[in-house]
Amino acid sequence: MIRRRKLASGGRGPVRPDSAGGWRAPSNTSRDLRYARGSEEFPWVTSHVFRKTAATELDHAGLTARQAADQLGHAKVSMTQDRYLGRRALDQAGAGAHDRAHRDAAGEREKRVSGP
């Protein structure tokens with residue numbers, strides 16, 4: 001659908017036009033989003049939240065940082081990595097290394113306490 005709209009606009013018009021076929025005013029889009037989310041219940045929901053969600057889904061789908069950057073329209077991959085992609089803190093190899101180090105240290109303590 002987006003590709004069809006882009007082709008129909010000659011690649012220069014909006015993909016999601018206003019009711020007259022032109023560019024939407026940012027203030028109108030913000031107002032529509034506030035109305036849709038409800039000002040009281042979800043004040044943290046902004047258009048940027050959806051962008052971060054899209055980036056997270058690209059990351060979870062296994063796309064490279066370059067592919068995600070291209071999809072999000074970033075010229076620099078570092079922007080995508082620094083601002084949009086989460087660090088994979090729960091790496092199995094890293095967790096295993098910490099676990100082995102802990103067991104080794106516990107074993108050394110056991111030897112010192114029980115003696116030769």
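**Entry 1: the second largest pocket**

I began with the second largest pocket, where helix 3 gives the largest share of the lining, three residues. Helices here are DSSP runs (H or I, at least four residues), numbered from the N terminus. The model is a predicted one: local features need pLDDT of at least 70, side-chain atom pairs count only at pLDDT 80 or more, and totals for chains, interfaces and linings use all residues. I number residues from 1 along each chain as its sequence is written, and side-chain values use heavy atoms, with hydrogens and water left out.

I then looked up which helices supply at least two residues each to this lining. They are helix 3 (47–60) and helix 4 (65–72). The lining consists of Arg51, Ala54, Leu58, Gln71 and Leu72. A pocket is an open set of points on a 1 Å grid over the protein atoms alone, where a 1.4 Å probe fits, with protein on both sides within 12 Å along at least five of seven lines; lining residues have an atom within 4 Å of a point.

I noted a volume of about 200 Å³. Volume is the space filled by probe spheres set on the points, which are joined across faces, edges and corners. By class, I found three nonpolar, one polar and one charged residues. Ala, Val, Leu, Ile, Met, Phe, Trp, Tyr, Cys and Pro count as nonpolar; Asp, Glu, Lys and Arg as charged; the others, Gly among them, as polar.

**Entry 2: the largest pocket**

Next I turned to the largest pocket, with about 360 Å³ of space. Its lining includes Met1, Ile2, Arg3, Trp23 and Gln71. By class, the largest pocket has five nonpolar, two polar and three charged lining residues.

**Entry 3: the aromatic pair**

How many aromatic pairs does the structure hold? I found one. The ring centres of Phe42 and Trp44 are 6.3 Å apart and the planes stand at 80 degrees, so I logged the pair as edge-to-face. Rings pair if their centres lie within 6.5 Å (Trp by its six-membered ring); planes under 30 degrees apart are stacked, over 60 edge-to-face, the rest tilted.

Are the two partners buried or exposed? Phe42 is partly exposed, at 37% relative accessibility. Trp44 is exposed, at 56%. Buried means under 20% relative accessible area, exposed over 50%, and partly exposed in between (1.4 Å probe, protein chains only).

**Entry 4: the whole chain**

Of its 116 residues, 13% are buried.
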